[in-house]
Structure formats: structure tokens, C-alpha cells
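Reader: I have a model open on my screen, and I would like to learn how to read its features one by one. Could you take me through them?

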Amino acid sequence: MTSAELLFACLRYSVCGSELREEEKAALSGPSLATLYRLSASHDLAHLVCDALQKNDLLPQNEIGQAFQKQKDLAVYRYIQQTAAFEEISRVFEEAGVVYVPLKGIVIRQYYPEPWMRTSCDLDILVHEEDLERASELAIDRLGYKRDVHDGYHDISLYSPAGVHLELHFQIKENMKTLDTVLACVWENVQPVEGSAYRSAMSGEFFMFYHLAHMSYHFVSGGCGLRAFVDCHLLSEKQPCDQQHLEALLEAGGIRKFADTAFSYADAWLGCHRFGRSKIDASVQKYILNGGMYGTLENSISVQQAQRGGRARNILNRLWIPYEALQIAYGAPADRKYMIPLYQVKRWTQLVFQKKRLGHGVKEIMRNVTTSDGDRSEIAQILDHLGLTGR
């Protein structure tokens with residue numbers, strides 16, 4: 001059996017409650033565990049494989065077994081740390097009257113058999129843009145958080161004394177025009193949470209749309225990871241949702257085809273077959289599996305070339321980025337496009353004098369040069385298959 005098949009078997013056991021077959025147990029007892037560990041760890045799912053191995057008395061007492069155990073222990077530790085941090089932040093925001101909306105893993109983990117099973121690298125919380133600075137100051141002054149010097153497109157980063165990363169969102173847009181027309185309406189799709197004065201939650205269908213929108217954003221950035229498909233499966237099974245409203249949101253955001261495929265693949269991989277036995281495109285599965293949790297530069301460059309019409313156009317686009325990107329990255333004024341050359345020079349200067357960014361830039365150019373016509377053609381077919389062409 002392949003490592004992917006064994007990973008899916010373990011996920012079906014830990015997340016869906018499906019028993020392992022005898023041939024799967026036999027394969028999991030063999031030398032394939034080292035490859036399975038690398039694959040599952042790259043998707044931040046090794047802790048779930050460990051859970052399946054332990055409960056079936058298959059976890060070996062060797063270096064690989066210790067590596068799996070370490071990932072499970074880390075998942076539990078992160079959950080405890082993040083839960084404590086979220087409770088503290090919630091208390092401070094409630095006391096100060098800051099309306100806030102938990103996002104992503106904080107919400108999704110309630111649908112897993114045990115909440116520690118849904119790992120997260122950070123806490124994601126949305127506040128009104130006009131409350132952003134006050135919310136940040138509350139975290140800093142009352143809880144000892146430190147703010148990152150670099151702000152993101154839709155959030156700012158803060159770090160607790162214990163090292164918990166808090167992403168404080170002031171919007172949830174992804175810098176993708178069609179998606180953002182829907183995501184900009186987030187505050188029209190939240191409601192207060194019973195028992196809390198200031199905590200709110202997205203409606204089930206809007207949260208589902210947000211999850212799928214974020215998946216599609218990562219997909220065209222190099223890969224979205226298998227965990228997002230596990231989330232899809234659990235959300236579709238357990239989260240109350242107005243299906244008609246969800247379909248309207250997906251149509252408006254331009255990701256209806258992507259969403260249908262995501263649900264279908266999640267269903268096939270987790271073995272539930274509620275949509276019939278879905279046919280898996282081998283190229284799509286390879287792209288997802290090889291991309292790991294956050295995608296790869298190779299995948300990203302191939303997507304960029306497929307979308308922009310080849311390597312020359314993509315290299316030119318990366319050297320001379322659009323003004324909208326300059327606005328996001330460097331605060332270029334929206335009404336002063338005549339300053340484009342100055343901001344481009346600023347970007348190039350920073351690139352030259354920051355070794356890490358320069359190295360990444362060189363890698364990008366080299367990957368652009370070495371990407372084959374075949375790779376670009378395969379990616380173009382994948383994007384078309386998922387309805388993501390031109391995004």
C-alpha cells in the first residue's frame with residue numbers, strides 16, 4: 001500500500017471512527033512507517049497517525065515511534081497553550097467591550113472527536129478595523145503580548161509571553177477580487193454568541209464559504225494541505241448550514257466548482273462516499289500531497305506561469321509587481337501611481353540588502369527558468385479542473 005493510502009486509512013480511523021482493515025494493519029507494521037511519517041508530518045497530521053497506531057497497538061518502540069509520539073505530544077501541548085491564551089484574550093476583550101469573532105481552528109476543532117486533534121499554528125481572531133489598535137494594546141498592556149514589526153495584508157501578529165502566536169484580523173479578504181466581494185461582507189454574516197456579551201460567530205454557511213475561500217487561496221499559492229479537506233468533511237457533516245445560501249455565496253465568490261471538488265475529494269479520501277464513489281484526478285492528488293501543509297515554491301511558480309502565460313511574463317511580473325501589490329507591501333498611496341518607479345526601487349533595494357529575501361528571490365528566478373512546459377501544462381489542467389483558471 002502507498003503512504004497516501006495508509007495516511008487516509010489512519011485519518012478514517014481517528015477522525016471518522018472507521019476500523020482499520022487487516023491489510024492496512026499489516027502494512028502499518030512494516031518499514032513503510034518512515035515514509036508515512038514524513039508525509040503525515042508535512043501535512044501536520046502525524047499526531048492523528050500516532051493516535052491510530054497507538055489505539056491499534058501498532059506504534060513501534062523505536063525512533064520512528066518516538067517521532068510520531070513527539071508530534072502527538074506537541075499537538076496536545078499546543079492545544080492546551082492556545083486554549084489558555086484564547087480564554088485570556090476573550091476575558092480581556094469581554095471586559096473592555098471589544099466585539100470579536102474566532103476564526104479557523106478555534107472554531108473547527110469542536111467538530112473533531114477530540115479538540116486537540118485539530119492543530120493550529122496560531123490563534124486567529126477578527127475584530128472591527130476601528131477596534132484593531134485598542135484590541136492590540138489590550139493584549140500588550142494586560143497580557144504582555146509583543147507586536148510583530150511587520151503587519152500583514154489582513155492582520156497584525158502578536159506573541160504571548162508563552163510564545164502563542166495571535167493573528168488579530170481586521171478583515172478576512174484574500175487579495176483575490178472575486179472572493180473579496182463576498183468576504184468583505186463578513187460583519188453582515190455574524191451573530192452574537194449566547195452567553196457572551198461581545199463574542200460573535202459567523203453563520204454556518206458563511207464560515208464554510210470562508211474556509212473554502214481560504215483553501216482556494218492557498219491552492220493557487222502552491223498547495224492547501226490535506227488537513228483542510230479533513231476540515232471540509234467534518235464541517236459538512238456537523239456544522240449547521242443553509243445549503244441554498246452557501247451555494248449562492250460560492251457562486252458569488254467564483255469557487256463553486258472548487259468547493260464541489262473539495263467536498264468530493266474529502267469524501268473519497270475519508271471513505272464515506274456520500275457523493276458516490278468520487279473519481280480522484282491523479283495530478284490533483286499529487287499536487288496536494290507534494291505541496292504539504294503550506295505548499296511549495298515549485299507548485300507556486302508552476303501556477304504563476306500557468307496563470308500569466310509563461311516563464312518570461314511571470315519573471316517580469318515578479319520583478320515589476322502590480323501597483324496593488326506595492327500598496328499592500330509598502331503602503332504606496334492609491335492615488336499616486338506616478339510614484340510606481342520609486343516604490344519599485346525601494347522594493348529592489350530592500351531585496352538586495354536582506355539576505356533571506358535575496359536568496360528567496362534567486363530561488364524564484366531559478367525555478368522560473370527550470371519549470372518545464374509539461375509542468376506548466378499539467379498545472380493549467382489542474383486549475384481548469386478546479387475552476388481556478390485565471391484566479
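Author: What follows goes from the sheet to the helices and then to single residues. This is a predicted model, in which local features need pLDDT of at least 70 and side-chain atom pairs count only at pLDDT 80 or more, while totals for chains, interfaces and linings use all residues. Residues are numbered from 1 along each chain as its sequence is written, and side-chain values use heavy atoms, with hydrogens and water left out.

Reader: What is the order of the strands in the open sheet?

Author: Strands of a sheet pair through backbone hydrogen bonds, either parallel or antiparallel. Here the open sheet has 5 strands in the order 1-2-5-4-3, with mixed pairing; strands (E, at least two residues) and helices (H or I, at least four) are DSSP runs numbered from the N terminus, and two strands pair if DSSP finds at least two bridges between them. Strand 1 (100-102) and strand 3 stand at the edges with a single partner strand each, so one side of each has no neighbour in the sheet. Helix 7 (residues 132-143) packs on the sheet and touches strand 2, strand 3, strand 4 and strand 5, where touching, or contact, means heavy atoms within 4.5 Å.

Reader: Which strands are joined to strand 4 by bridges?

Author: Strand 3 (residues 146-147) is joined to strand 4 by 2 bridges, and strand 4 to strand 5 by 5 bridges, both pairs running antiparallel. Leu 158 of strand 4 is the bridge partner of Arg 147, and Leu 158 also stands opposite Leu 166 in strand 5. The hairpin of strand 4 and strand 5 has 5 residues between the strands, and there Gly 163 takes a positive phi near 95°. Strand 4 (residues 155-159) is largely enclosed by the rest of the structure, because 4 of its 5 residues are buried; buried means under 20% relative accessible area, exposed over 50%, and partly exposed in between, with a 1.4 Å probe and protein chains only.

Reader: How do helix 3 and helix 4 pack?

Author: Two packed helices are described by the angle between their axes and the distance between the axes. Helix 3 (residues 33-42) and helix 4 (residues 46-55) pack at about 135°, with their axes 8 Å apart. They are therefore oblique to each other, since angles under 35 degrees count as roughly parallel, over 145 as roughly antiparallel, 65 to 115 as roughly perpendicular and the rest as oblique. The axes are lines fitted to C-alpha atoms, for helices over the stretch in contact, and angles run from 0 to 180 degrees between N-to-C directions. Among the residues that meet are Leu 36 and Tyr 37 in helix 3, with Val 49 and Leu 53 in helix 4.

Reader: Is helix 9 mostly covered or uncovered?

Author: Helix 9 is mostly covered, with 14 of its 16 residues buried.

Reader: Where is Gln 171 found, and which residues is Gln 171 in contact with?

Author: Gln 171 is found in the loop between strand 5 (165-169) and helix 8 (177-183), and Gln 171 counts as buried because its relative accessible area is 16%. Leaving aside neighbours within four places in sequence, Gln 171 is in contact with Leu 126, Tyr 153 and His 154. A polar atom of the Gln 171 side chain lies 3.0 Å from the backbone oxygen of Tyr 153.

Definitions and conventions
A polar contact is a pair of N or O atoms within 3.5 Å; within protein, one must be able to donate a hydrogen and the other to accept it, and residues adjacent in sequence count only if both atoms are side-chain atoms.
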